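Work through the exercises below with the sequence and the 3D view at hand. Try each task before you read its solution.

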Amino acid sequence: MCRWIAYSGTPILLSQVLFEPSHSLIDQSLHSRMGVETTNGDGFGIGWYADGSVATPAVVRDVGPAWNNRNLREVAHHVRSGLFFAHIRAATGTAVQQSNCHPFRHGRWLWMHNGMIDGFRLLRRDLAVAVDPALYPDIEGSTDSELMFFLALTFGLTDDPPGAVARMAAFVERTGHAHGVRNPLQMTVAVADGERVWAFRHSSEGRSRSLFYSTRVETLRALHPDAAFLRDISDETRLVVSEPLGDLPGAWNEVPENSYGVVQPGRDAFHAFRPDLDQDVIGD
């Protein structure tokens, strides 16, 4: 499947996360340790928020592998951001094309996903017709991931991200069950609005793909007083990743199964994530 990174904190060059760590996202594109596939070479994408003068995030995507893309390296070594997403793709049945690469953008929102909707070919029509007709023309690609994003937007993402993602997940699972798919949904999802990042780990079978978050910076400074890079970032800095970027002791923590976290100014928080399969989201 895929690997992804969400970064929030002190503005840094994208290259400091994408290229420099020992097990960076670029290294993971060739040598993933925890993914279903070792190689994730079916395209990549980065999305980042600039300063407050730009209303929407920038997105750069390409269909080639991340490990040898000169444009990605050029951008990463010259763009600085305090909130960005990066994603490397391993396709699960849909075309390798630019519009199918993550992250996906709508207005100020970014979305990326690792996982799949099992039986998507059978469920696609029923899922697609539930998308708000005003939003449907903005769907560019053919992936389950993008359709999940637009379902979440339909179900109120801009007002209530956790509730909207839960309603989306419940709708996908109910639709799958109606078609005889036992475990329809597998997902780790990151979504951002330019100020906060929400990260979700959930699957129908309760065996979700890997997801980790970084330990609080002040704790890491106490553990590793000689680590120079920790002196250059704020206490608010946090990463959420499909797999750890290195082996620094105490740096990484597994996101609990069937939960979501919020990375935001002040205290971050974890909550249980339990889609209500009995809720009539269409009626809402």
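**Exercise 1: the second largest pocket**

Thirteen residues, 13 in number, line the second largest pocket, and Val 59, Arg 61, Phe 104, Arg 105 and Glu 140 lie nearest its centre. The model is predicted: local features need pLDDT of at least 70, side-chain atom pairs count only at pLDDT 80 or more, and totals for chains, interfaces and linings use all residues. Residues are numbered from 1 along each chain as its sequence is written, and side-chain values use heavy atoms, without hydrogens and water.

*Task.* Find which elements each supply at least two residues of this pocket's lining, and divide the lining by class.

*Solution.*
Step 1. The elements are β3, β5 and α5. Helices (H or I, at least four residues) and strands (E, at least two) are DSSP runs, numbered from the N terminus.
Step 2. The lining has five nonpolar, three polar and five charged residues. Ala, Val, Leu, Ile, Met, Phe, Trp, Tyr, Cys and Pro count as nonpolar; Asp, Glu, Lys and Arg as charged; the others, Gly among them, as polar.

**Exercise 2: helix α5**

*Task.* Explain why helix α5 is largely enclosed by the rest of the structure.

*Solution.*
Step 1. Check burial, meaning under 20% relative accessible area (1.4 Å probe, protein chains only). Buried residues of α5 include Asp 144, Leu 147, Phe 150 and Leu 153.
Step 2. Look for the cover. It includes β5 (104-106), β6 (109-117) and α6 (161-178), with contact meaning heavy atoms within 4.5 Å.
Step 3. Conclude. Ten of the eleven residues of α5 (144-154) are buried, so the helix is largely enclosed.
Step 4. Look past the helix. Gly 156 follows α5 and has a positive phi, near 105°.

Technical notes. Buried means under 20% relative accessible area, exposed over 50%, partly exposed in between (1.4 Å probe, protein chains only). On a 1 Å grid over the protein atoms alone, a cavity is a set of points where a 1.4 Å probe fits but cannot get out, and a pocket is an open set with protein on both sides within 12 Å along at least five of seven lines; lining residues have an atom within 4 Å of a point.
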